[in-house]
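Let's take a friendly walk through a protein together. Have a look at the model below, and then we will go through it step by step.

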Amino acid sequence: MRQPRIIDRSQDEHFMRKALALAAEGAALGEVPVGAVLVQDGQIIGRGFNCPITRHDPSAHAEMVAVRDAAQAVENYRLVGSTLYVTLEPCSMCAGLIVHSRVSRVVYGATEPKAGVVVSRGQFFSQEFLNHRVLVEGGVLAQECSQLLSGFFQARRAARKDS
């Protein structure tokens, strides 16, 4: 079986912008604006944005939605050779999903100092007990990703103050 190639870094900003657009879709629904796309062989095979509120599903993080979408699209729960672009550093739940689904590379935008487990609260992907290694690239369009989140929470606080 042919292994899909990993996207080279020259496409990182392009695909992160796609993830940012999805994050904005989530924000329009009142969800915390995090977006994700899963790419294989230069094509988006999975898309998602945070939607735990609208789906009544605590696991409906952007990464989870995008990986589920991709697995259905390729009819395989293993996503070897894929790159996940996500606007915010993954949490522990999503990091576990990334390993179990065999995503090859994760590219994230902003760090998540409270719950991120790539660099902020630990280096999950570096743990020796894991049976799959994930390449990681952080800080791609970090300012834009961070601004989208900051603006969302500022607007939410302002709305609460006014009511």
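Start with two helices: the axes of helix 3 (residues 62-74) and helix 4 (residues 92-100) come within 9 Å and cross at roughly 25 degrees. Axes here are lines fitted to C-alpha atoms, for helices over the stretch in contact, with angles from 0 to 180 degrees between N-to-C directions. Because angles under 35 degrees count as roughly parallel, helix 3 is roughly parallel to helix 4. Their crossing is left-handed (the near helix is turned anticlockwise from the far one by less than a right angle). Helices are DSSP runs of H or I with at least four residues, strands are runs of E with at least two, and both are numbered from the N terminus.

A word on the model itself: it is predicted, so local features need pLDDT of at least 70 and side-chain atom pairs count only at 80 or more, while totals for chains, interfaces and linings use all residues. Residues are numbered from 1 along each chain as its sequence is written, and side-chain values use heavy atoms, leaving out hydrogens and water.

Now find His-61, in the loop between helix 2 (52-55) and helix 3. UniProt, in an unreviewed entry, lists His-61, Cys-91 and Cys-94 under "binding site"; such annotations may be inferred rather than shown by experiment. These residues span 34 residues in sequence, yet no two of their C-alpha atoms are more than 9.3 Å apart, so they gather at one spot. The lining of the largest pocket includes His-61, Cys-91 and Cys-94.

What else lines the largest pocket? Its lining has 21 residues, with Val-32, Val-34, Leu-88, Glu-112 and Leu-149 nearest its centre. A pocket is an open set of points on a 1 Å grid over the protein atoms alone, where a 1.4 Å probe fits, with protein on both sides within 12 Å along at least five of seven lines; lining residues have an atom within 4 Å of a point. Helix 5 (residues 142-162) gives the most to this lining, with 3 residues.

Terms used
Parallel < 35°, antiparallel > 145°, perpendicular 65-115°, else oblique.
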